[in-house]
Amino acid sequence: MNKITLMFPGFKTKAFTMNFDDGIDTDIKMASIMKKYGIRGTFNLNPGLFSPEGTVKPAGRSSIPLTVSQAKELFSDPAFEIASHGDRHIAMAHVPGAAAMVEAVKSRITLERTFSRLVRGFAYPFSSYDGDTKEILRLAGYAWARGNKDKDDFLLPREDEWYDWRGIHQMDGRFEGLVDKFVTEPNLYYHGWLLYVWAHTYEFEEFGTWDRIDGILKRIAACDDVWFATNSEIYDYVKAFRGLVWYADASAAYNPAPVDVFLRCDNGEFRVPAGGETKVTG
Ligand SMILES: [Zn+2]
């Protein structure tokens with residue numbers, strides 16, 4: 001056995017996910033475009049900053065925070081995951097540790113109670129974080145967190161990178177080139193490629209780029225080698241792949257996870273069923 005590589009569900013060689021900050025009313029339009037193309041993603045909310053019910057957007061403003069009832073309607077759809085962006089958008093590494101702890105825990109409790117859903121991810125406001133912040137999030141029960149240090153590759157996070165999960169911002173100068181590569185190049189040899197795109201949806205309103213992002217998503221949605229998932233669905237799947245238990249001679253794998261795992265090795269492509277074993281040698 002020379003090499004075992006991760007494939008995504010359905011033997012897909014690529015995955016696509018999106019991530020949005022701030023919980024604002026332009027998220028509604030973004031979600032409708034994603035829905036049109038079957039694209040899934042994660043929205044990072046500040047429960048301490050929701051608009052009061054009935055708030056009318058002032059003239060000239062590109063966006064305002066969602067109301068709770070708007071958010072409840074939008075996020076009743078399981079294609080859209082809810083994550084935390086802190087309770088009130090505090091710079092986590094620029095406040096005392098106790099204040100950061102309150103942001104992490106209070107926002108998670110409020111979001112989970114409001115939406116009756118588990119909250120497992122976090123996006124750092126102002127991309128402010130350090131080692132203590134990561135530890136606070138881990139203890140508060142978050143599985144992963146996203147900052148804004150972008151990268152221009154499709155590598156999955158290593159195990160020590162889940163609290164520093166990097167994607168590419170939709171206005172990064174490298175974004176369109178990366179989309180081109182993702183759509184046109186087959187991934188024949190490597191672990192599943194992940195294109196992770198993040199944004200603030202007010203940007204599409206302010207810069208008049210709704211049609212541009214619509215066109216990009218349409219192009220990605222037309223690819224038949226791509227798996228569409230929320231951030232935590234990607235996390236769970238990668239964890240399941242890495243959690244396979246292999247026989248010492250790599251002849252077979254046992255999958256203790258509750259999801260099927262797909263992989264490629266010297267002898268072909270294999271599915272290891274949830275809770276089952278699969279032999280991968282002749
Ligand atoms: Zn923010």
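Predicted model: local features only at pLDDT ≥ 70, side-chain atom pairs only at ≥ 80, totals over all residues.

Residues are numbered from 1 along each chain as its sequence is written, and side-chain values use heavy atoms, with hydrogens and water left out.

Q: What makes Asp-22, His-85 and His-89 donors of the zinc ion?
A: A donor is an N, O or S atom within 2.8 Å of the metal (3.2 Å for Na, K and Ca). Asp-22 (OD), His-85 (NE2) and His-89 (NE2) coordinate the zinc ion at 2.0 to 2.2 Å, so they pass. Water is not among the atoms, so the site may look incomplete.

Q: What spacing do the donors of the zinc ion follow along the chain?
A: The pattern is D-x62-H-x3-H. Asp-22 sits in the loop between strand 2 (14-21) and helix 1 (26-37), while His-85 sits in the loop between strand 4 (80-84) and helix 3 (97-115), so this pair ties together parts 63 residues apart in sequence. Helices (H or I, at least four residues) and strands (E, at least two) are DSSP runs, numbered from the N terminus.

Q: Why do strand 1 and strand 12 count as paired?
A: Two strands pair if DSSP finds at least two bridges between them. Strand 1 and strand 12 (residues 261-265) have three bridges, in the antiparallel sense, so they qualify.

Q: What makes strand 1 and strand 13 edge strands?
A: The open sheet here has three strands in the order 1-12-13, with antiparallel pairing. Strand 1 (5-7) and strand 13 (268-272) each pair on one side only. From one strand to the next, the twist averages 35°.

Q: How do you know that helix 8 packs on the sheet?
A: Helix 8 (residues 231-242) touches strand 1 and strand 12, and contact means heavy atoms within 4.5 Å. The direction of helix 8 makes about 55° with that of strand 12. Such angles run from 0 to 180 degrees between N-to-C directions, with axes fitted to C-alpha atoms (for helices, over the stretch in contact).

Q: Why is one space called a cavity and another a pocket?
A: On a 1 Å grid over the protein atoms alone, a cavity is a set of points where a 1.4 Å probe fits but cannot get out, whereas a pocket is an open set with protein on both sides within 12 Å along at least five of seven lines. The largest cavity has a volume of about 30 Å³, and the largest pocket about 230 Å³. Volume here is the space filled by probe spheres set on the points, which are joined across faces, edges and corners.

Q: What makes Lys-151 a lining residue of the largest cavity?
A: Lining residues have an atom within 4 Å of a point. Lys-151 is among those lining the largest cavity, as are Asp-153 and Tyr-196.
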